[in-house]
Amino acid sequence: MPLRDIPIQRKLMVIILLTSGAVLLLTCVSFFTYEFLTFRQTMVRQASTIGKIVADNSTAALAFQNTDDAKEILNALKAEPHIVAAGLYDKAGKLFSKYPANLPDAAFPDAPAADGYRFGRSQLDGFQPVAQGDKRVGTLYLKTDLGALYERFRLYGLIVVLVIAVSFLLAYTLSTVLQKQISRPILALAETAKAVSERHDYSVRTTKLGRDELGLLTDAFNQMLEQIHEQNQTLRQNEIQLQTIIENLGEGLVVSNLEGQLLHFNRAALKLHGFASLEEWRRHLAEFATIFELSTIDGAILPLDQWPLARILRGEQLQDLEVRIRRIGSDWRRIFSYGGVLVRNAAGQATIAVVTMSDITERKRAEEQVRQLNRDLEQRVIQRTAQLEAANAELESFSYSVSHDLRAPLRHIDGFAELLRKHAEPVIDEKGRRYMKTISDSAKRLGQLIDELLVFSRMGRSELRLVDLDHDALVADVIREGGFQKNTTIDWRIASLPRVHADPVLLRQVWFNLIDNAVKYSGKSPTPRIEIGCRVGPATGEHEFFVRDNGAGFDMQYADKLFGVFQRLHSVAEFEGNGIGLANVRRIVQRHGGRTWAEGRVGEGAVFYFSLPAIKPASLPVDATLNPIPT
Amino acid sequence: MNELRSILFAEDNPNDVELTLAAFSEHNLANQVFVVSDGEEALDYLFHRGRFKQRANGNPAVVLLDLKMPKVDGLEVLRIIKQDEKLKSIPVVMLTSSREESDLIQSYQLGVNAYVVKPVGFESFMDAVKQLGAFWALYNEPPPGSLQTGR
């Protein structure tokens, strides 16, 4: 197994042991070599020292060919157990004496080799010249056993092996303990990572063991896990929310892949289609088309490529597409309103298609009913309008008759009364003339009443010409043209009035009648005061115009009678008038869509109001200030 | 007064006729007034038909028409007069009780020369009729050659 594949714990151990082993080995080899070389040098030096001494001592024995001396000298070498053999060669190179004496000659070199010390396989051979002064007399041969060397090195070897063994043991023990500092956090991280990747459990955490880089790594890892965990939870939460929303939507929602395979129906969609189980809808669109038939509202059957989902899959965005849906082979028929769109990912690629649908069958039915009702209503309106027009025409012909036929006899009464007066002038007395006059006056008065009644009737029938008009100018005109300013005792207080949308001729009539009334009824007050203004109705938002006077006033219990035709609260003798003015006011205001009413108190004055629908509510001054009319 | 200026007066109500004639007589115009009691008679007169087949040629100086009359009403008579080549130059005055806007508008659209509403008061009425008679029968110059020649 290659090093990179073995577990980190063993990897660390191997690295530590290999490192320490290599260091130890190198150390031992160096030491060993040094020792070896040093020891050899020492051996050579010792051997050469002994050689020199023996050679010096042997000079005489050799010079005099004295074997006994030579033997004795060589025997002294017993003190050196390593020297296993020694021999003295004479000048001619012939073995002269040997040590130990019992050693066969064959064990010695036949002739001395060159001077010096040389290591053989298991011995050190040394050749030391023996000289007397400058004269060489022979050669000493020394053979030193290398047993000491080997013995020593065996010992060294043993020590080295022991050291290495102990070192390894120590290294192993130490590394076993120490490597945990590194391997444990890494293993823990590895374990956690494995748990995360295998179980997808992002809630596990690694314990931090120190504050070193591994600690940082653990922290970072845990933090990453935390973030992933939080994001996962948020995602999950969102997914649940989305799922809950989708499932509880009132609208049906169907999801399909891009191939038209239906992937999901929400609850409403299942209910809308009348499905109970997955098997019923988990199909391809094409299969779906064998169960249902779609057609337009007008009943034209839609081919599959015109189905809402097919159109969405082609990239169309649908909204409020009304389609009839029928279950083939049954009488199940509904009308759905479809919508939908392709869902795209962040890169803009379409991923799925979403179709929404709602059942609008009832709505359609209701709409049809409303349409039918409208048709009926229109029919009825046409009928009623015709009836109303007929009634109007009748009324018109009636008032025409009144205008023409009622006035004629009056004219005759007056005319003939006058003719009679002229004719009977000589015989008629004062009383008779007064009767005649009463007949004439009454006829004229009735003629006036009829004329005004006709005006009133026309007021209700003539066409409204609505224009945006300057109310202030209109009121000022009415006061000027009506000659109301002639009465200089009146204290006028006229506020600025908002513009209105009204018929100028008719509205002028309204103001004339109201101002005329106010002038008339305040005429007997010592300090007559007339206020004209406008306010905004708190409930209706309409403009409420008013004319207030401090004149005769009226009893509120008759307030409703004021606006009736020929209704009067005062006698003609008290205040002249014919009781048609306010009826005209009411009729005109009603035709403008407004209301009329009055407030008053006997002897304290009256306020007459009329409202007009507001056109521009902002145009009314909030606090209408009262301006005296310029004279 | 070289020529005899006649007035054709169409009015169905005898009281009105009497009052109007009374007014005319105050101006000595009564003799020149020819009264018919409905629109049909007025047309007969103008077109020399029926009982007026034998009447002398020539047109009245003015035709006074009441609006509401039996058979053919005043507006219809006016329309026929104003559409007829020979008659359309005759001045026509509406003398009526109606103040209705529609009557006024229609009358003027049909080409009426004047429109007078009969006042209820006798004095005003007398005044109006007198002035009317005086104006059309005395002061106004009729179209040349349209008048009656003798009786």
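What covers the buried residues of H12(A)? The legends below take up this and other views.

**Conventions.** This is a predicted model: local features need pLDDT of at least 70, side-chain atom pairs count only at pLDDT 80 or more, and totals for chains, interfaces and linings use all residues. Residues are numbered from 1 along each chain as its sequence is written, while chains are lettered from A and ligands numbered from 1 in the order in which they are written.

**View 1. Helix H12 of chain A and its cover.** Helices (H or I, at least four residues) and strands (E, at least two) are DSSP runs, numbered from the N terminus. H12(A) holds 18 residues, 504–521. Buried residues of H12(A) include A:Leu506, A:Trp511, A:Phe512 and A:Tyr521. A:Asn513 and A:Asn517 are buried too. Buried means 20 or more other C-beta atoms within 10 Å of a residue's own, with C-beta atoms placed from the backbone. The cover includes helices H11 (471–481) and H13 (581–591) of chain A. It also includes strands E14 (500–502), E15 (529–536), E16 (543–549) and E18 (605–612) of chain A.

**View 2. Where chain A touches chain B.** Here 17 residues of chain A are in contact with 16 residues of chain B. Contact means C-beta atoms, placed from the backbone, within 7 Å. Helices H9 (361–423) and H10 (430–461) of chain A each supply at least two residues of the side that touches chain B. H9(A) gives the most, with twelve residues. By class, this side of chain A has six nonpolar, six polar and five charged residues. Ala, Val, Leu, Ile, Met, Phe, Trp, Tyr, Cys and Pro count as nonpolar, Asp, Glu, Lys and Arg as charged, and the others, Gly among them, as polar.

**View 3. The sheet of chain B.** Five strands form an open sheet, ordered E2-E1-E3-E4-E5, with parallel pairing. Strands pair if DSSP finds at least two bridges between them. E2 (33–36) and E5 (114–117) of chain B are the edge strands, each pairing on one side only. Twist averages 20 degrees from one strand to the next. Strand E1 (7–10) of chain B and E2(B) share four bridges. B:Ile7 stands opposite B:Val33 in E2(B).

**View 4. Chain B overall.** Chain B has five helices and five strands. From the N terminus on, its elements run β-α-β-α-β-α-β-α-β-α. Of its 151 residues, 38% count as buried.

How values were computed:
Two residues are in contact if their C-beta atoms, placed from the backbone, lie within 7 Å. The expected span of a helix is 1.5 Å times one less than its number of residues. A residue is buried if 20 or more other C-beta atoms lie within 10 Å of its own, exposed if 12 or fewer, and partly exposed in between; C-beta atoms are placed from the backbone. Axes are lines fitted to C-alpha atoms, for helices over the stretch in contact, and angles run from 0 to 180 degrees between N-to-C directions.
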